[in-house]
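Notebook open, model loaded. I'm jotting down what I look up as I go.

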Amino acid sequence: GWVDSSAEWARILRRCAYVGVRGPLSAELLANMGVNNVEVIGDPVLFFASDTRPQDDLGVPCSIGLNIGWDRVAQWGEPEKIYAEYLALASRAKKSGWKVRWFVACPRDLVMTEKLAGASSTQDEIHQIYSNPVEYIDLVRPLSAFVGTRLHSVALATCAYVPSVMLEYRPKCRDYMMSIGHEDHVVRTDEFRGEAVWDFVKLMSSQREASSRALYEAIKPLRDKQLAKARELMEDLSE
């Protein structure tokens, strides 16, 4: 299980003049602990989102990005079952003629990614990107859809305005998707079914232009808020 250090965090945060958090679940949790000086400003990764609206004609039709991860400390579901559903999803995409592009965001996920990519005959594109968010976004941007487990594998995909499904392995994943108004794009890892997610992927792909614009409209205010707060803090520090 997860270690609960909330009481210690609450004690520290009550002393802060300002607290910015990733999403509404974080804000609600802190409010319940008596921390009221809290504002939802989104995940810091939103800094990498583009200022410009997504272009409607730049996508690669019938293409999907996949990311798989397993947290050794705590995660909902059993790894073998989750891997089997990923295999079903990748295989279904391959059989349907889709381009499959795997993204490895954590080194320890590489072995399982290679195994699943090989088993589904989708091993042509496995990208290991651990510290270059700009490169990651550039590779994700043209895809029709994205499905991932690692929080920032999906968050960066949304920064590219690619319709995405978050496989929620911890509450922070839902917290992020709620912050951008996409809580209906969240599936808990212990409830993940490859065929059901595949159906949702096809729906997202058919509505890609509208979905991309919705992501832009949700992310831009949070990004603007972060940049404004950063400028404000820098001015305060310079004084």
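How many of the 9 residues of helix α6 (residues 151-159) are buried? I get 8 of the 9, so α6 is largely enclosed by the rest of the structure. Buried here means under 20% relative accessible area, exposed over 50% and partly exposed in between, with a 1.4 Å probe and protein chains only. Helices are DSSP runs of H or I with at least four residues, strands are E runs of at least two, and both are numbered from the N terminus.

Ground rules: this is a predicted model, where local features need pLDDT of at least 70 and side-chain atom pairs count only at pLDDT 80 or more, while totals for chains, interfaces and linings use all residues. Residues are numbered from 1 along each chain as its sequence is written, and side-chain values use heavy atoms, leaving out hydrogens and water.

Back to α6. I noted Leu151 and Cys159 among its buried residues. Their cover includes α5 (133-140), β6 (145-148), β7 (164-168), α7 (171-179) and α9 (208-238), contact being heavy atoms within 4.5 Å. Just after α6, tyrosine 161 has a positive phi of about 60°.

Next I checked α1 (residues 6-13). Its buried residues are Ser6, Ala10 and Leu13. They span an arc of only 70° around the axis, which puts them on the same side of α1; the arc is taken from the directions from the helix axis to the C-beta atoms. Cover for them includes β1 (19-21) and α2 (24-32).

Last, β3. I found both faces covered, with Ser63 and Gly65 buried on one side and Ile64 and Leu66 on the other.
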